[in-house]
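Hi,

Here is the structure I promised to pass on. Have a look at it first, and then read on for what turned up.

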Amino acid sequence: VRATELTWVEVFGVDEGSEPDVRWACLGTPKRWGHDDLFLPYYDTSAAAVAQYMATPIMFRCSNNTGKFEVARVDPFWVTDLQPESALVLDTQGEMVYLWTGDQARGSLSTLASLFAEEYVKTAQQNGRTMKPVVTWTDEPRKLPRVYKRHFLAWP
């Protein structure tokens with residue numbers, strides 16, 4: 001149907017939770033966006049859930065290109081920052097810290113980045129944050145799970 005052929009459209013409001021069956025037939029069944037507590041369920045609009053969901057994540061790039069281990073904040077960060085020779089630490093500002101190491105990271109970079117991430121979590125815990133152990137990935141960016149990808153602007 002071309003837009004020029006449309007002559008009549010009915011528009012009406014629907015309260016959340018009372019959507020007609022035809023809506024779910026078109027879009028799929030209602031469900032949570034993930035299986036851990038970092039995802040905001042589509043129906044949870046409590047202040048605490050929204051605050052956790054909207055917290056701005058922080059990313060750090062780990063490097064040993066100069067012969068010494070260096071860590072720098074990446075702001076803003078994009079999917080293009082996930083280069084094969086990189087090691088990146090992502091603090092979701094929730095309870096999770098992720099370490100991503102590219103498959104071409106040089107020498108001791110992955111080990112040093114892992115030590116940095118563990119120390120970062122330990123320091124955050126000492127400062128009163130509830131943190132889970134570091135989650136590490138070394139896959140190519142397109143294979144990363146949705147729980148990680150959702151923190152990036154304009155993931156392709």
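A quick definition before the rest: a salt bridge here is a side-chain nitrogen of Lys or Arg within 4 Å of a carboxyl oxygen of Asp or Glu. Keep in mind, too, that this is a predicted model.

With that in hand, D91 and R129 make a salt bridge, their closest N and O atoms being 2.8 Å apart. The two come from distant parts of the chain, 38 residues apart: D91 sits in strand β3, and R129 in the loop between α3 and β5 (135-137). D91 is buried, at a relative accessible area of 0%, while R129 is partly exposed at 26%.

How many salt bridges does the structure hold? There are 3. Another one joins the side chains of D81 and R61, at 3.2 Å from N to O. Again the pair links distant parts of the chain, with D81 in the loop between β2 and β3 and R61 in strand β1, 20 residues apart. D81 counts as buried because its relative accessibility is 14%, under the 20% cut-off. R61, with a relative accessible area of 26%, is partly exposed.

Then there is E119 with K122, whose side chains meet at 3.7 Å, N to O. Both of these lie in helix α3, 3 residues apart, or about one turn of the helix. An α-helix has 3.6 residues a turn, so residues three or four places apart point the same way. E119 is partly exposed with a relative accessible area of 43%, and so is K122, with 41%.

On to helix α3 itself, which runs over residues 109-126. Which residues of α3 are buried? They are L109, A113, F116, A117, Y120, V121 and A124. These cover an arc of only 135° around the axis, so they lie on the same side of α3. What covers them includes β1 (58-63), β2 (70-74), β3 and β4. Just after the helix, G128 takes a positive phi of about 95°.

Two loop details are worth a look as well. T92 is in the loop between β3 (87-91) and β4 (97-101). T92 is buried, with a relative accessible area of 4%, and its side chain reaches the backbone oxygen of M96 at 3.0 Å. In the loop between β2 and β3 you will find P76, and the peptide bond from D75 to P76 is cis, with omega near -5°.

Cheers

Terms used: Residues numbered from 1 in each chain as written. Predicted model: local features only at pLDDT ≥ 70, side-chain atom pairs only at ≥ 80, totals over all residues. Heavy atoms only, no water. Helix = DSSP H or I, 4+ residues; strand = E, 2+ residues; numbered from the N terminus. Buried < 20%, exposed > 50% of the residue type's maximum accessible area, 1.4 Å probe, protein only. Polar contact = N/O pair within 3.5 Å; in protein donor to acceptor, adjacent residues only side chain to side chain. Expected span 1.5 Å × (residues − 1). Arc of directions from axis to C-beta. Contact = heavy atoms within 4.5 Å.
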